[in-house]
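This report covers a salt bridge, a loop residue and a pair of helices. Please look over the sequence and the model before reading on.

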Amino acid sequence: MAEFDSPTYVFDFRDKKNCSRVENAEPGEEINVLVRVADDKLGPPISAKGILSEDGVFHIKVTTAAGEQSHEWTYEFLMDAIKVHCED
């Protein structure tokens, strides 16, 4: 699996259900999340897998025909970003 400092895919804050799934994530539980291509803010969402670790890191894994990429957020920082981007 390739690790990227600047992922090609980023968490998609446009979908409130996507944000809600992350807000309700339990440690060790794999959930479906949506990502988008980093350079295409209006592009279609892409399905990915997310998992919250016991130590408070949210891992996102994207698998496409081009291969697999992953990136991670501290859960606290991701929750702050969700509050900014997903709140009405």
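A residue counts as buried under 20% relative accessible area, as exposed over 50%, and as partly exposed in between. By that scale R14, at 40% relative accessibility, is partly exposed. The model discussed here is predicted.

**Salt bridge and accessibility**

R14 is joined to D12 by a salt bridge, with 2.7 Å between the closest N and O atoms. The structure holds 1 salt bridge. D12 has a relative accessibility of 2%, so D12 counts as buried. E26 is partly exposed, at 48% relative accessible area.

| Residue | Relative accessibility | Class |
|---|---|---|
| D12 | 2% | buried |
| R14 | 40% | partly exposed |
| E26 | 48% | partly exposed |

**The loop residue E26**

E26 sits in the loop that runs between α1 (16-23) and β3 (30-37). In sequence, E26 and E54 are 28 residues apart, while their C-alpha atoms are 9.0 Å apart in space.

**The helix pair**

The axis of α1 comes within 11 Å of that of helix α2 (residues 75-86), and the two cross at roughly 150°. Because angles over 145 degrees count as roughly antiparallel, α1 is roughly antiparallel to α2. The crossing of α1 past α2 is left-handed. On the α1 side, the contact is made by K16, C19, V22 and E23, and on the α2 side by Y75, L78, M79, I82 and C86. Of the residues in this contact, 7 are nonpolar and 2 are charged, with no polar ones.

Note on methods: Residues are numbered from 1 along each chain as its sequence is written. This is a predicted model: local features need pLDDT of at least 70, side-chain atom pairs count only at pLDDT 80 or more; totals for chains, interfaces and linings use all residues. Side-chain values use heavy atoms; hydrogens and water are left out. A salt bridge is a side-chain nitrogen of Lys or Arg within 4 Å of a carboxyl oxygen of Asp or Glu. Buried means under 20% relative accessible area, exposed over 50%, partly exposed in between (1.4 Å probe, protein chains only). Helices (H or I, at least four residues) and strands (E, at least two) are DSSP runs, numbered from the N terminus. Axes are lines fitted to C-alpha atoms, for helices over the stretch in contact, and angles run from 0 to 180 degrees between N-to-C directions. Angles under 35 degrees count as roughly parallel, over 145 as roughly antiparallel, 65 to 115 as roughly perpendicular and the rest as oblique. A crossing is left-handed if the near helix is turned anticlockwise from the far one by less than a right angle, and right-handed if clockwise. Contact means heavy atoms within 4.5 Å. Ala, Val, Leu, Ile, Met, Phe, Trp, Tyr, Cys and Pro count as nonpolar, Asp, Glu, Lys and Arg as charged, and the others, Gly among them, as polar.
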